[in-house]
Amino acid sequence: NLNLTDDDFFLLSIPISSMGGLMTLVKSLVSQSTLVIPDRHWKYCLSLPYSMHLTLVPQQLPTFFESFSNSMQIKSILIGGDALPPNRIAELCSLGIPFSLSYGLTETCGQVIATPFSLAPNETFELLPGVGLKCSKDGCLMINSMTLPYAYLMETGLKLVDTENGFFITNDIVELSPFKFIGRVDFQFQNGSKLVSPELIEKTILTSGLIQHILIIPKQDDRMGFVPFAFVDSLDHSDKLKDYCQSHLPIYLRPVGFDLLPTEFTFFSPNLRKKLLLFL
């Protein structure tokens, strides 16, 4: 799908110990294209005089946008690993570089569904060959693929992969037609009689353009059980944020408060949501 030429390069912009890095290595081997392995941070390789293809996760995009210039020879960007908020998609469109949004899991050996490479946002996710998707009764995504593993190797021995009729059961909540990531089962919480997906709130608030980063966690409430609370990167527009929430979110999805992320954490910390719950 990339229409590679003999002069194309793949930049190893994700550690090779992760699925995205491993897939980059495999793609360079299969296509017989040159692999650029950084000897320091990958951002310093963006200015190399090569036609390069990148694979990034959303958490890397702020660094990429800060480092980007029109003189760089970036031919394509594959985004995976997490849901991408609308404001980031708009920023990608402004670069004039074909990009693809993809979804996959370590248990499926990476990518299973993706949008075609395009200069504009595209909601047409296409299944890779040999992949099957369906939803369980509670909305969890289930995946069948040729590369689905049999088990995990643990210190205590083999732990079988949790499957149902050959389909791997994920903790991701999605819509299938069109494909859309909603959130994680283990991050959802109950607000009164309503089930809340924090990721859905975050994506909506980010469309305001008033902040760059936000993380929603459940805060205990005597009457509702739990209510959404937001940590953001700036409080400069807190009043406008509240107004935006009132006009774009139903009352049970509106954060009851906004606060700056504690200095002990960064928005790029792994498992930040779980760490904040322990911290508070």
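This is a predicted model: local features need pLDDT of at least 70, side-chain atom pairs count only at pLDDT 80 or more; totals for chains, interfaces and linings use all residues.

Me: Is Asp172 buried or exposed?
Reply: Asp172 sits in strand S13, which covers residues 167-176. Its relative accessible area is 4%. Buried means under 20%, so Asp172 is buried.

Me: How does Cys93 count in terms of relative accessibility?
Reply: Cys93 belongs to helix H3, residues 86-93. Its relative accessibility is 23%. Buried would need a value under 20% and exposed one over 50%, so Cys93 counts as partly exposed.

Me: What separates the C-alpha atoms of Cys93 and Ser118?
Reply: Good one to check in the viewer. Leaving aside neighbours within four places in sequence, Cys93 is in contact with Phe99, Leu119, Ala120 and Pro121. Cys93 and Ser118 are 25 residues apart along the chain, and their C-alpha atoms are separated by 8.8 Å.

Me: Why does Leu158 count as exposed?
Reply: Leu158 is part of strand S11, residues 157-160. Exposed means over 50% relative accessible area. Leu158 counts as exposed because its relative accessibility is 61%.

Me: What accessible area do the residues of the nonpolar surface patch have together?
Reply: Leu158 is one of the patch residues, and the others are Tyr150, Leu153 and Leu160. Together, their accessible area is about 540 Å².

Technical notes: Residues are numbered from 1 along each chain as its sequence is written. Side-chain values use heavy atoms; hydrogens and water are left out. Helices (H or I, at least four residues) and strands (E, at least two) are DSSP runs, numbered from the N terminus. Buried means under 20% relative accessible area, exposed over 50%, partly exposed in between (1.4 Å probe, protein chains only). Contact means heavy atoms within 4.5 Å. Patches are made of residues with over 30% relative accessible area and no salt bridge: like charges are joined within 9 Å, nonpolar side chains (Val, Leu, Ile, Met, Phe, Trp, Tyr) within 5 Å. Accessible areas come from the Shrake-Rupley method with a 1.4 Å probe; for residues, only the protein chains shown count as cover. A salt bridge is a side-chain nitrogen of Lys or Arg within 4 Å of a carboxyl oxygen of Asp or Glu.
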